[in-house]
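Dear colleague,

My notes on it come after the structure itself.

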Amino acid sequence: MTKNVLIMGAAGKDFHLFNMLYRNNPQIHVTTFTATQIPHIDDRRYPPELAGNLYPQGIPIKPEKMLTDLIKQDKVEEVVFAYSDVSYNYIDVQRKKVEQAGAVFTLPKTEGLMVKSTKPIVAVCAVRTGAGKSPVSRCVVKILKSMGKKVAVCRHPMPYGNLVEQTVQRYETVADLDKHKCTIEEREDYEPHIRNGIIVFAGVDYEKVLRAAEKEADVVIWDGGNNDIPFFKPNIYITVADPLRAGHELSYYPGRVNFELADVIIINKVDSAKPEEIASVEANARKYNPKAKIVKANSIIYVPDQEQVKGKRVLVIEDGPTVTHGEMGYGAGYLAAKKYGAKEIIDPRPYAKGEIKDTFEKYKQTSSVLPAIGYTPKQMKDMEDSINAVPCDLVLMATPTDLGRYLKLNKPYLFVSYETEEIGKPNLTDILSPLK
């Protein structure tokens with residue numbers, strides 16, 4: 001007897017979960033993937049080339065709003081939840097919906113989703129999107145390079161295009177980003193590593209991705225997306241916590257999993273958080289993961305020609321996921337505008353066009369900044385039109401990629417970057433020293 005299973009996902013962990021647990025399992029029949037969070041990733045198929053011999057037609061991907069109908073239509077017995085950065089309250093709502101439709105709701109076991117490597121793995125994860133994981137990853141890479149190690153970075157999947165072509169992707173130069181038709185989100189995550197001379201791997205089939213990375217590295221870095229778990233079994237498991245959202249380390253999934261499994265918990269943004277917020281996260285770390293080493297760090301903001309900000313009316317552009325489903329509402333660009341004396345931060349909402357306007361309507365907390373969203377050519381055009389419509393003197397661009405390379409902007413802009421600065425001991429150099 002086979003069991004009909006539906007996987008709820010967002011074109012990331014859902015595919016990895018299927019590949020690891022179900023692809024070659026004749027006792028399980030995956031009827032459908034549902035998709036949410038990211039626009040334009042549904043109404044396609046997980047192709048047979050990736051789905052394997054048991055799925056000669058591939059597997060349909062449908063909008064999550066069809067969940068209840070799909071359970072009944074396909075006689076689904078179990079629904080597996082496979083996406084990230086959601087509250088446990090949200091999961092409870094989904095659980096009740098699934099159970100009322102007549103199926104069992106489950107969360108996947110973490111251990112079964114981790115590919116084992118022949119090389120040391122350092123995983124950098126987070127409790128929430130926007131906690132500061134990317135600069136921590138860059139800090140880890142820098143330390144390992146100083147130890148003489150050859151490093152490769154594997155990024156969390158963002159398979160928005162042709163899934164077969166994206167099975168394994170290797171990025172060594174900025175030109176490779178163009179070759180693979182990367183979205184703005186992908187460019188934001190890959191480009192800083194590439195500019196630092198690090199080869200980045202990503203894709204859809206992460207066992208194949210890891211095997212490709214192992215051939216070119218002494219140490220592989222898992223640079224996770226959102227607050228997802230590592231897809232590789234880590235030798236050193238680092239989780240970045242955000243005191244500006246104290247308490248979220250316990251109330252969001254699977255960030256809490258990362259928080260409780262970590263070998264190292266980095267309490268980031270100490271320079272901008274309140275003492276009681278920092279103390280709350282530290283107390284939770286000591287209670288729920290007493291074995292973890294605790295590292296404290298500042299998130300230092302850099303703006304070239306910062307004197308240009310003073311007295312200006314500015315538009316702030318922030319990393320999209322951080323200020324949308326990450327629920328921050330603002331990020332480094334907003335803090336830089338305040339720090340360097342902007343006369344006014346222009347509210348972009350009255351000038352938003354197309355899907356950018358839709359994004360503001362969906363994420364009400366995003367009001368003072370414009371999220372960098374560009375999953376499709378139309379979204380990129382809507383973002384270009386939105387930026388150009390804002391009456392401002394200067395754009396502060398707190399995105400790791402140069403949007404001016406892809407958008408025709410009618411106003412000057414400055415980059416805002418942010419890097420990790422560790423405070424005291426223990427520090428990451430000490431923690432990574434066993435890999436020498």
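Below is what was found, taken element by element.

Please keep in mind throughout that this is a predicted model.

I begin with strand β9, which covers residues 151–155 and has five of its five residues buried, so that the strand is largely enclosed by the rest of the structure. In a regular strand, side chains alternate between the two faces of the sheet. Here both faces are covered, with Val151, Val153 and Arg155 buried on one side and Ala152 and Cys154 buried on the other. As for its partners, β9 runs parallel to strand β12 (residues 219–223), to which five bridges join it, and alanine 152 stands opposite valine 220 of β12. Strand β9 is also parallel to β11 (residues 199–203), this time through three bridges, and there the bridge partner of cysteine 154 is phenylalanine 201.

Helix α5 (residues 133–146) is mostly covered as well, since 10 of its 14 residues are buried, among them Pro135, Val136, Cys139, Val140, Val141, Ile143 and Leu144, but also Lys133 and Arg138. Its length agrees with expectation, because 14 residues at 1.5 Å a residue should span 20 Å, and the end C-alpha atoms are 20 Å apart. The helix is followed by glycine 148, which has a positive phi near 85°.

The structure holds one cavity of 30 Å³ or more, and about 40 Å³ of space lies in the largest cavity. Its lining consists of Ser134, Arg138, Glu188, Asp189, Pro192, His193, Asp223 and Pro400, which divide into two nonpolar, two polar and four charged residues. Both α5 and α7 (184–195) supply at least two residues of this lining, and α7 gives the largest share, namely four residues.

Two buried residues may be worth a look in the viewer. Lysine 13, in helix α1 (residues 13–22), has a relative accessibility of 3% and therefore counts as buried, the cut-off being under 20%. Apart from residues up to four places away in sequence, lysine 13 touches Ala82, Tyr83, Leu113, Asp228, Ile229, Phe231, Tyr253 and Pro254. Valine 395, in strand β20 (residues 394–398), is buried with a relative accessible area of 1%. Leaving aside neighbours within four places in sequence, valine 395 is in contact with Leu315, Ile317, Ile387, Lys411, Pro412, Tyr413 and Leu414.

Lastly, some points on the backbone. Most residues other than glycine have a negative phi, and most peptide bonds are trans. Tyrosine 253 and proline 254, both touched by lysine 13, are joined by a cis peptide bond with omega of about -5°, and proline 254 sits in the loop between β14 (252–253) and α10 (255–261). A cis peptide bond with omega of about -5° also joins lysine 425 and proline 426, the latter lying in the loop between β22 (417–423) and α16 (428–432).

Aspartate 85, although not a glycine, has a positive phi of about 65°; this residue lies in the loop between β5 (78–81) and β6 (86–87) and is buried, with a relative accessible area of 3%. Lysine 181 is likewise not a glycine and has a positive phi of about 55°; its place is the loop between α6 (174–179) and α7, where lysine 181 is exposed, with a relative accessible area of 72%.

With best wishes

Note on methods: Residues numbered from 1 in each chain as written. Predicted model: local features only at pLDDT ≥ 70, side-chain atom pairs only at ≥ 80, totals over all residues. Heavy atoms only, no water. Buried < 20%, exposed > 50% of the residue type's maximum accessible area, 1.4 Å probe, protein only. Pairing = 2+ DSSP bridges. Contact = heavy atoms within 4.5 Å. Expected span 1.5 Å × (residues − 1). 1 Å grid on protein atoms, 1.4 Å probe; cavity = no way out; pocket = protein on both sides within 12 Å on 5 of 7 lines; lining within 4 Å. Points joined across faces, edges and corners; volume = space filled by probe spheres on them. Nonpolar A, V, L, I, M, F, W, Y, C, P; charged D, E, K, R; others polar.
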